[in-house]
Amino acid sequence: MEHMEAEGETIDDAIENALNTLRVEREQVTVEILSDVKKGILGIGARKARVRVSLRRSIDIDQEPREERQPPTNRSMKESASAVGERGKDILVEILRLMGVQATIEVKPGETGEEIVLDIRGDNGGLLIGRRGQTLEALQYILTRAVGERHGAERPQLIVDTENYHERRKKTLEDMALRLGEKAKRQRTTVSIDSLSARDRRIIHLTLEDDPWITTRSLGQGAYRRLLIVPEGDRKKKEP
Amino acid sequence: MKELVQYLARSLVDNPDAVEVIETQGETASVLELKVAKQDLGRIIGKQGRTAKSIRTILNAAASRVNRKVILEIVEER
């Protein structure tokens, strides 16, 4: 089972930090309190609250290493989000200029509050998408690296999009998930899918989550991580 | 291309002043040698080479627009 430990000024803070890192909802995890806040004497021996958070089902999490960071005090999510968005935009504008691409960038909020979308407009985006979106993904990865290191742990995720690529990709993945889910059930065999990004796998997990006749799991490490769709002989039990 | 690599590298490292790029132009291809401060090498390469791979992907996308090939070498200083 996937789990992680997190710290915070209070127990609630620690839980929130963990949920933000895993990008899941409170209902999807069980929380174990490892230690409460300790004041210490003159700051000596002071400890933050520690919790361990475990995913209830095999929901995929981002495999990137996360450095331990102190959550900024008095943080304003909105303010830091727009700062990250603007910084990301500036860097992206410069990269595109150096690539010889004529385009403008629109910064907008993503589907969830933790995402900021940088939408590239103007150029015929196909060239920027690349095979299976790999150029977009590379841009997004570099931007995250370039922007991320200098902000707190609560930083929002940057998404680089053009010509609605992510939306179309999501639709494709959902269709594929349903098709392969049917195949798994019909042939009573486990279907495995290779070489998907963490984000792509997550879409498939979520698409098939409500089907009681199949379960989904991820196996393996890094680039070799695969997603399995397993048919269930009996109805999936409500609580695993 | 040289400027692009320079910019990408500088935005990733702690020591932007130490970033150095040497471009050697061939007929259809260019070789770019990238040097960074020793402690920044990890930032440029990334976990399982993912950052280096991303830089190459962006370079290739830019190069294909002008019908050229680009080879990026990350040079370790000794």
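Predicted model: local features only at pLDDT ≥ 70, side-chain atom pairs only at ≥ 80, totals over all residues.
# A tour of chains A and B

**Stop 1: the side of chain B that touches chain A.** Select α1 (2-12) and α3 (50-65) of chain B; each supplies at least two residues of the side that touches chain A. Helix α3(B) gives the most to this side, with 10 residues. By class, this side of chain B has 9 nonpolar, 6 polar and 5 charged residues.

Now show both partners together. The contact takes 20 residues from chain B and 26 residues from chain A. Which residues of chain B lose the most area to chain A? Colour B:Tyr7, B:Arg50 and B:Arg65: together they account for 30% of what that side buries. The area buried between the two chains is about 2,000 Å², and carbon and sulfur atoms give 62% of that area.

**Stop 2: a bridge between the chains.** Side chains of opposite charge can pair when their charged atoms come close. The count between chain B and chain A is 1 salt bridge. To see it, select B:Arg50 and A:Glu137, whose closest N and O atoms are 3.7 Å apart. The pair runs from helix α4 of chain A, which holds A:Glu137, to helix α3 of chain B, which holds B:Arg50. A:Glu137 is partly exposed, at 37% relative accessibility, and B:Arg50 is also partly exposed, at 30%.

**Stop 3: the nonpolar core.** Next, select A:Leu92, A:Ile95, A:Met99, B:Leu4, B:Leu34 and B:Ile58, the residues with the most contacts inside the largest nonpolar core, which has 46 residues. Helix α2 (residues 77-99) of chain A provides the largest share of this core, 8 residues.

Centre the view on B:Ile58. What does B:Ile58 touch, leaving out residues up to four places away in sequence? Its partners are A:Ile95, A:Met99, A:Ala138, A:Leu139, A:Ile142, B:Leu4 and B:Leu8.

**Stop 4: B:Leu41.** Stay in chain B and go to helix α2 (residues 41-45), where you will find B:Leu41. Is B:Leu41 buried or exposed? It counts as buried, because its relative accessibility is 15% and the cut-off for buried is under 20%. Beyond its neighbours within four places in sequence, B:Leu41 is in contact with B:Val36, B:Ile74 and B:Glu76.

**Stop 5: salt bridges in chain A.** The whole structure has 16 salt bridges over all chains.

- A:Glu9 and A:Lys48 form a salt bridge, with their closest N and O atoms 3.4 Å apart. The pair links distant parts of the chain, 39 residues apart: A:Glu9 is in the loop between β1 (3-8) and α1 (11-22), and A:Lys48 in the loop between β2 (29-35) and β3 (49-55).
- A:Glu174 and A:Lys170 also form one, with the closest N and O atoms at 4.0 Å. Both are in helix α5 (residues 165-187), and they are separated by about one helical turn because they are 4 residues apart.
- A:Glu5, A:Glu7, A:Arg50 and A:Arg52 are linked in a network of salt bridges.

**Stop 6: two positive phi angles.** Finish with A:Arg132, in the loop between α3 (126-129) and α4 (134-148) of chain A. This residue is not a glycine, yet its phi is positive, about 50°. A:Arg132 is exposed, at 54% relative accessibility. Then select B:Asn67, in the loop between α3 and β3 (69-75) of chain B. Phi of B:Asn67 is positive as well, near 55°, and B:Asn67 is exposed, with a relative accessible area of 70%.

Terms used:
Residues numbered from 1 in each chain as written. Chains lettered and ligands numbered in written order. Heavy atoms only, no water. Contact = heavy atoms within 4.5 Å. Buried area = accessible area lost by both parts, 1.4 Å probe. Salt bridge = Lys/Arg side-chain N within 4 Å of Asp/Glu carboxyl O. Nonpolar A, V, L, I, M, F, W, Y, C, P; charged D, E, K, R; others polar. Core = buried A, V, L, I, M, F, W, Y, C linked by side-chain atoms within 4.5 Å. Buried < 20%, exposed > 50% of the residue type's maximum accessible area, 1.4 Å probe, protein only.
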